[in-house]
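Please look first at the sequence and the model shown below.

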Amino acid sequence: MRDADLREQLTAQRRHVLDAVAGLEERDLARIVVPSGWSITRLLNHLAYDDEMFWIGAVLGADPQAIESLHDGWRSEPMSGTDAIGRYRDQIECSDRILDGLDLSAPPRWWPPASVFDAPPMQDGWEVLFRVFTETAVHAGHLDIVRELIDGHQHIVVT
C-alpha cells in the first residue's frame, strides 16, 4: 500500500466521523446513550487527543507542543460538542501537516515513557498510522450506532 492510499482511507474515516455528528444539537452531542457512559463529545475528544495528537503529533511528529499537551482524551475538560468538533478538525489539520513531510518507513520519532503508554515501540510509521486508521474506523462505527439511537439517521444503508 502506498502512503497516499492509506492517507486517503484515513481521510475517508475522519470524514465518516464528522458526517456521523453533523447537524446534531448540543444536547445530543453531550447525551449518553450507551451503557459505558460516553458521549459523542467525549468520543471526539478521545479521537482528537488520543489518536491525532498522541499518535501522529507526538509519536510520529515528535511535536513538543503535542507531547506537552498529552492527556487522556476521554477525561478532557468539559467542552461543548461544537468545541469538540472544532478541536477534532484542528487536530486533523495538525496531523496532516506532520504526515505531509513524513517517511512512514522510518521508526517513530518519539516514544512515550511506560507511565504514559506501557507497550514496546512500534516498528515504523506505517504501524502507527494503521493503528490510527483502525481506531478512527471503529469509532466511526460506534458513532453510527449512537446517531441511529438518537435520531434514526443511518450512515449507509445497503438494500
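The text below goes from the whole chain to single side chains.

This is a predicted model, in which local features need pLDDT of at least 70 and side-chain atom pairs count only at pLDDT 80 or more, while totals for chains, interfaces and linings use all residues. Residues are numbered from 1 along each chain as its sequence is written, and side-chain values use heavy atoms, with hydrogens and water left out.

The chain has six helices and zero strands, where helices are DSSP runs of H or I with at least four residues and strands are runs of E with at least two. A compact globule of 159 residues would have a radius of gyration near 15 Å, and the chain agrees with this because its value is 16 Å; the radius is taken over C-alpha atoms, and the globule rule is 2.2 Å times the number of residues to the power 0.38. Of the 159 residues, 43% are buried, a word that means under 20% relative accessible area, whereas exposed means over 50% and partly exposed lies in between (1.4 Å probe, protein chains only).

Rings of Phe, Tyr and Trp (its six-membered ring) pair if their centres lie within 6.5 Å, and planes under 30 degrees apart count as stacked, over 60 as edge-to-face and the rest as tilted.

| Pair | Centre to centre | Angle between planes | Type |
|---|---|---|---|
| Phe54 and Trp55 | 4.7 Å | 90 degrees | edge-to-face |
| Trp111 and Phe117 | 5.9 Å | 75 degrees | edge-to-face |

Phe54 and Trp55 are both buried. Trp111 is buried because its relative accessible area is 19%, whereas Phe117, at 22%, is partly exposed. Phe54, Trp55, Trp111 and Phe117 form one aromatic cluster.
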